[in-house]
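I opened the model to go through a few items in turn. My notes follow in the order I looked things up.

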Amino acid sequence: MNILEVSTTPFTDQKPGTSGLRKAVKVFQQPHYLENFVQSIFDSLEGCQGQTLALGGDGRYYNTKAIQIILKMAAANGFSRIKVGHRGILSTPATSCIIRQYKTLGGIILSASHNPGGVDGDFGVKYNTGNGGPAPEKVTEAIYARSKTIDRYKILDAPDIDLDTLGESRLGEMTVEVIDSVQDYQKLMESLFDFDRIRQFLTSGKRICIDSMHAVTGPYARAIFEQSLGAPQGTVVNGTPLEDFGGGHPDPNLVYAHDLVEILFGDNAPDFGAASDGDGDRNMILGKHFFVTPSDSLAVLTANAKLVPGYASGLAGVARSMPTSQAADRVAAKLGIDCYETPTGWKFFGNLLDAGKATLCGEESFGTGSNHIREKDGLWAVLFWLNILAVRQQSVEHIVREHWQTYGRNYYSRHDYEGVDSDRANTLMEKLRSVAPTLKGKRYGQYEVEYGDDFSYTDPIDGSISSKQGVRIGFVDGSRIVFRLSGTGTQGATLRVYFESYEGDSSKQDLEVQQALAEPIAIAQEVAQIREYTGMSKPTVIT
Ligand code: VG1
Ligand code: CO
């Protein structure tokens with residue numbers, strides 16, 4: 001078959017963000033746009049000749065089209081084998097699992113995660129390295145640099161591959177292996193959790209509801225919860241991946257997963273509920289009439305890890321992204337293990353996991369995971385919770401309230417201002433960057449500023465430095481306000497403001513969250529003039 005060398009010119013906007021390159025589908029549909037980026041990835045690798053790659057996506061619009069293009073480009077670039085998900089489907093955690101299990105050179109994940117899909121939605125491409133994790137910054141920078149000079153790409157002139165049939169076929173010199181999307185991932189889960197005990201729990205009258213939000217986890221959740229663990233059919237809702245996610249926003253939080261929230265807060269609510277995002281790496285955990293913040297979830301999993309077979313021998317350490325609440329730090333201190341604070345984005349956990357310094361990791365953005373792979377993992381978190389519930393035989397609410405009594409409660413909330421004019425958002429951040437260091441010692445009501453800075457992270461393993469990772473204002477009592485701009489959006493800028501305050505007194509742990517954080521929220525407005533810069537009177541999303 002014919003290898004074509006297509007000449008092209010660079011696009012200037014192919015800089016990967018927090019998690020790969022994310023753009024509107026229409027941007028990706030421009031002639032050569034996808035091809036340029038994929039060739040830039042291949043050109044940045046140490047060599048594709050004879051290598052194996054994993055490939056799959058979350059099933060959104062343009063997924064299979066992009067897969068066909070990437071397969072032909074991989075063949076033309078000398079790869080010898082591609083493991084591609086059945087019908088193009090692989091969740092982000094499943095891809096990480098496959099890269100590690102089959103020791104592939106890396107993998108390409110097609111997803112814009114929690115961003116809406118469909119013709120008018122978003123699409124994304126992310127490269128993961130041989131450890132199964134998102135490419136670190138030095139790799140994404142190399143890809144970006146290459147994208148700015150690229151002048152040709154290679155592609156095989158060949159018919160499309162049948163992605164609907166499992167098994168091997170040839171594409172030029174390359175073997176394409178269409179693999180079961182679920183099997184390897186499910187086996188990994190079975191090796192970590194007590195499936196018998198969870199099965200007993202789920203067949204003894206406890207009811208759960210798993211919302212896959214018409215995105216990638218549907219097939220995984222059905223196989224694991226309904227077929228293997230014996231939960232009744234219908235436990236998994238919105239379980240068929242749709243190209244436009246049913247018109248929804250596949251982001252498992254209180255705002256976008258409101259259908260599930262209504263079920264769990266309604267009459268006759270089930271005992272447990274969970275939702276996943278577009279590509280299956282996020283999770284939201286709910287109990288009967290109870291919401292678990294992702295930061296608390298990480299802390300509870302850390303405190304209860306010994307109850308779960310895969311973690312029974314103890315944890316090496318725990319890591320959280322900087323804006324994530326310090327609830328896990330308190331558990332780590334009590335367990336006598338290290339707690340690491342990293343910039344936002346899972347790629348920053350990779351080195352800690354590889355070096356065996358952290359076992360569990362988490363982000364406030366509904367992401368939790370462990371050293372079993374190198375991505376956050378939504379269904380893993382659900383199984384972890386179910387394993388704990390099955391052992392403790394107590395409700396979600398009971399477990400979390402008891403946790404607060406032991407460790408104190410870290411009230412936590414994030415306010416997002418979406419679709420802000422980019423220049424204005426940047427100006428707001430610039431101002432904050434210069435003001436923050438001058439605030440030390442300043443008093444706002446009962447709050448005294450202990451420090452103000454722009455978070456800079458030095459990776460403890462390779463010494464690499466990532467600066468400008470978010471402006472922090474820390475108070476003497478441990479409360480914090482953090483400001484940063486999103487690196488995953490595709491329209492304008494999204495300002496994220498994170499609030500945290502600590503309450504050790506168990507008689508004061510039952511306040512409404514926004515109420516408990518009212519003062520820091522007012523301080524953020526005073527310091528950053530959010531309303532003036534965004535032109536918005538209130539956040540677009542509160543989680
Ligand atoms: C957001 C979250 C971050 C997460 C990232 C990717 O990034 O804040 O914690 O790792 O999304 O998640 P940002 O830059 O928009 O704040 V996923 O599930 O979209 O791949
Ligand atoms: Co995601």
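**Strand 12 and its partners**

I began with strand pairing: strand 10 (residues 208–211) and strand 12 run parallel, and four bridges join them. The model is a predicted one, and I read each entry with that in mind.

I then turned to strand 13 (residues 283–287), which pairs with strand 12 in the antiparallel sense over five bridges. Here I noted Gly273 opposite Leu286 of strand 13. Strand 12 and strand 13 form a hairpin with six residues between the strands. Within that hairpin I found Gly280 with a positive phi near 80 degrees.

Is strand 12 mostly covered or mostly open? I found it mostly covered, since five of its five residues (272–276) are buried. I also checked which way they point: Phe272, Ala274 and Ser276 go one way, Gly273 and Ala275 the other way. Both sets are buried.

**Gly218**

I looked up Gly218 next and located it in helix 8 (residues 217–228). Why does Gly218 count as buried? I got 25 C-beta neighbours inside 10 Å for Gly218, and it is buried because 20 or more are required.

I listed its contacts, leaving aside neighbours within four places in sequence: Ser212, Val236, Gly239, Thr240 and Pro241. For one of these, Gly239, I took the C-alpha to C-alpha separation from Gly218, which is 3.8 Å. In sequence Gly218 and Gly239 are 21 residues apart.

**Ligand 1**

I counted 18 residues around ligand 1. Those that come nearest are Thr18, Ser113, Ser486, Gly487 and Thr488. I sorted the shell by class and got one nonpolar, twelve polar and five charged residues.

**Domains**

I took down the division of the protein: domain 1 (2–181), domain 2 (185–407) and domain 3 (409–542). The C-alpha centres of domain 1 and domain 3 lie 35 Å apart. I looked at the contact of these two domains and found eleven residues from domain 1 and five residues from domain 3.

Which elements supply at least two residues each to the side of domain 1 that touches domain 3? I have strand 2 (21–24) and helix 5 (137–147). Strand 2 gives the largest share of that side, three residues. By class, I recorded one nonpolar, five polar and five charged residues on the side of domain 1 that touches domain 3.

Technical notes:
Residues are numbered from 1 along each chain as its sequence is written. Chains are lettered from A and ligands numbered from 1 in the order in which they are written. This is a predicted model: local features need pLDDT of at least 70, side-chain atom pairs count only at pLDDT 80 or more; totals for chains, interfaces and linings use all residues. A residue is near a molecule or strand if its C-beta atom, placed from the backbone, lies within 6 Å of it. Ala, Val, Leu, Ile, Met, Phe, Trp, Tyr, Cys and Pro count as nonpolar, Asp, Glu, Lys and Arg as charged, and the others, Gly among them, as polar. A residue is buried if 20 or more other C-beta atoms lie within 10 Å of its own, exposed if 12 or fewer, and partly exposed in between; C-beta atoms are placed from the backbone. Two strands pair if DSSP finds at least two bridges between them. Domain bounds come from an automatic or database domain assignment. Two residues are in contact if their C-beta atoms, placed from the backbone, lie within 7 Å.
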